[in-house]
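Please keep the sequence and the structure in view while reading.

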Amino acid sequence: MPSDGSLAAFDGGSTGEAKVGYWDWDDGLTVPELTDKHRRFRQVLRKFYDEEIAPHIDDWEEQGGFPRELHEKAYKAGAYGASWPAQYGGTSPTAEEWDPWCYYIANDEAGRVCAGGMFASLFTLGIGLPPIIALGTEEQKQKWVPDIIQGKKTVSLAITEPYGGSDVAGCRTTAKRDGDFFVVNGSKTFISGGMHADYFTTSVRTGGPGMAGISLLMIPRETKGISTTRLK
């Protein structure tokens, strides 16, 4: 780490010779791998965070929430749909264009407005959506993914349980098939964005003990029997 606090990037490449670039947190980005794509992405994020987040974050933190329409605002601004597949509505840089520098820029710009708690709730699709894209059928993806990426619907990941913490293999929530449906019984906790989520990507036990007996269900909020309580 240079003494001025900037980031040094080292890439030995095939020759083993170090190529050095510096990330100085603003306009002097000299890392060789950075392109106009990266610079445009940073500009998009900075504009959105400066105009839509920074002026309100103190009030939202005090209230413990933010306007629901912020999801769609973030999408239209180009901040919400980045990193997702273009075929489902992802915006540039899409999943096909994404690289480690995009990831670094996204976190760097988010950190500028000191709103970690709010971002954990705003971008819950970052943890709730990947299982659907990775494991879902194409019919399921077309049904859920575009609306979630565009901020029209929200999804939260429901894994942690009151009695198990992060012990995913110890999941006690059960799902038993009843005809075309599953009957689910159990509790989840520490669900980021859960108070307002439209869908819950939920771990359930459909088989024997351990990880091999666990499945994932996409459970709509309006499903009969679901209740949510804010933790204090």
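Which helices each supply at least two residues of the lining of the second largest pocket? In this predicted model they are helix H1 (36–53), helix H4 (100–112), helix H5 (116–122) and helix H6 (125–128), where helices (H or I, at least four residues) and strands (E, at least two) are DSSP runs numbered from the N terminus.

Residues are numbered from 1 along each chain as its sequence is written, and side-chain values use heavy atoms, with hydrogens and water left out. Since the model is predicted, local features need pLDDT of at least 70 and side-chain atom pairs count only at pLDDT 80 or more, while totals for chains, interfaces and linings use all residues.

**Overall picture.** The protein contains eight helices and seven strands, and of its 232 residues 39% count as buried (buried is under 20% relative accessible area, exposed over 50%, and partly exposed in between, with a 1.4 Å probe and protein chains only). The average pLDDT, the predictor's confidence in each residue from 0 to 100, is 88 for the protein, and 87% of the residues score at least 70. Confidence is lowest in strand S1 (residues 7–11), with a mean of 44, and highest in H8, at 98. Over residues 1–14 the pLDDT is below 50, and this stretch has 30 contacts in the model beyond near neighbours in sequence, a contact meaning heavy atoms within 4.5 Å.

**Pocket and cavity.** On a 1 Å grid over the protein atoms alone, a cavity is a set of points where a 1.4 Å probe fits but cannot get out, whereas a pocket is an open set with protein on both sides within 12 Å along at least five of seven lines; lining residues have an atom within 4 Å of a point. Grid points are joined across faces, edges and corners, and a volume is the space filled by probe spheres set on the points. The second largest pocket is lined by 20 residues, and Trp98, Tyr103, Ala106, Asn107 and Phe123 lie nearest its centre. H4 gives the most to this lining, with four residues. The structure also holds one cavity of 30 Å³ or more, and the lining of the largest cavity includes Ile159, Asp167, Lys188 and Ser203. In the table, Ala, Val, Leu, Ile, Met, Phe, Trp, Tyr, Cys and Pro count as nonpolar, Asp, Glu, Lys and Arg as charged, and the others, Gly among them, as polar.

| Space | Volume | Lining residues |
|---|---|---|
| Largest cavity | about 70 Å³ | three nonpolar, six polar, three charged |

**Helix H3.** Within helix H3 (residues 70–77), Leu70, His71, Ala74 and Tyr75 are buried. These residues cover an arc of only 140° around the axis, so they are on the same side of H3; the arc is that of the directions from the helix axis to the C-beta atoms. What covers the buried residues of H3 includes H1, helix H2 (57–63), H5 and helix H8 (138–149). Gly78, with a positive phi near 100°, follows H3.

The loop between H3 and H4 holds Pro93, which a cis peptide bond joins to Ser92, with omega about -5°. Ser83 lies in the loop between H3 and H4 and has a positive phi of about 85° although it is not a glycine; at 25% relative accessibility, Ser83 counts as partly exposed. Asp108, which lies in helix H4, is buried, with a relative accessible area of 16%.
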